[in-house]
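Here is a quick tour for anyone meeting this structure for the first time. Have a look at it, then read on.

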Amino acid sequence: MPDFLTILLASIFLPLFPMSMIFNIILDKIKQCWLRVLLIIFWPLIGLLIVLNSNLDIPDWVLTVALSTSFLYSLRMLTLREVNQWSGFLATSFWGLLWLPITQGVSADLLYWFAISISTPLVLLVLLSADLEKRFGAAYTGLYGGLARTIPRYAGVLVIVVIAAIATPLFPTFFIMLDMVVETVSNKPVAALTLLFIWLLWSWAGARLIQGLIVGRASKNKIADMNLNSISFYSIVLIVLIGSGVYLGGVIL
């Protein structure tokens, strides 16, 4: 297959605009939580499989498009109110950046680890969004607030999952982003600055998402909080993520 066609196919799964729209259209159409989970887990892995199993010579314009795509989606996240759509745009923004470590010669095993580490917090966010839909009928910021008082255990887990998703220490996404910045700062300083700005936008969007759900007037209706079994599940996954992040930091930095 010619390089351009391989890049075009891979750009569906390692999103490059405008092919990046395909994932978000599919995610928006899917209503079953378990299908959303499978989509987020396997989508970037397919892209890596395509690229790593081809003798692809990636031109410089791909990196420019990847950074532009990531910036576009991170900027758009600031105005999103629907939690699943927010998760999809964050996934698109992050997955597109995987073109950078590919060109930097990162090993295949490490690249697959990157993809899984990026997707895991997003999977947790999809599950939390499904819980919101069960409780309130929809998962929108600003539609209801004060979750910190209404369902405090759920609110606490949600905050930590969002923090994990937006590349905060000590989670794997933090070390992945840090590695990308370090590897590009010497020979591509503009790309490194763009990465830092994208990272800042993720943090800003995450803060807005949390504010729109956690802060505000609490509902007077009695709503069931997260049970202990669910808290244990999320806690175990998050602890594993932190351990993976610390180990990953030692490997790549």
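S70 is buried, with a relative accessible area of 0%; buried means under 20%, exposed over 50%, and partly exposed in between, using a 1.4 Å probe and protein chains only. You'll find S70 in helix α4, residues 60–76 (helices are DSSP runs of H or I with at least four residues, numbered from the N terminus). Neighbours within four places in sequence aside, S70 is in contact with S93, L97, I198 and W202, where contact means heavy atoms within 4.5 Å.

Before going further, a word on the model: it is predicted, so local features need pLDDT of at least 70 and side-chain atom pairs count only at pLDDT 80 or more, while totals for chains, interfaces and linings use all residues. Residues are numbered from 1 along each chain as its sequence is written, and side-chain values use heavy atoms, leaving out hydrogens and water.

## An asparagine and its contacts

N24 sits in helix α2, residues 21–29, and is buried at 13% relative accessible area. Setting aside neighbours within four places in sequence, N24 is in contact with Y73, G88, F89 and T92. Take F89: N24 and F89 are 65 residues apart along the chain, yet their C-alpha atoms are separated by 7.3 Å.

## Two salt bridges

How many salt bridges does the structure hold? There are 2, each counted when a side-chain nitrogen of Lys or Arg is within 4 Å of a carboxyl oxygen of Asp or Glu. One joins the side chains of R36 and E133 (3.7 Å, N to O). This pair links distant parts of the chain, with R36 in helix α3 and E133 in helix α7 (residues 108–136), 97 residues apart. R36 counts as buried at 6% relative accessibility, whereas E133 is partly exposed at 26%.

R153 and D225 also meet through their side chains in a salt bridge (4.0 Å, N to O). R153 lies in helix α9 and D225 in the loop between α11 and α12 (228–252), so the pair ties together parts 72 residues apart in sequence. Here R153 is partly exposed at 42%, and D225 is buried at 18%.

## Helices side by side

Helix α9 (residues 152–165) packs with helix α11 (residues 189–214) at an angle of about 170°, their axes 10 Å apart. The two are therefore roughly antiparallel to each other, a label for angles over 145 degrees. On the α9 side, A155, L158, V159 and V162 meet G206, L209, I210, L213 and I214 in α11.

Methods: Axes are lines fitted to C-alpha atoms, for helices over the stretch in contact, and angles run from 0 to 180 degrees between N-to-C directions. Angles under 35 degrees count as roughly parallel, over 145 as roughly antiparallel, 65 to 115 as roughly perpendicular and the rest as oblique.
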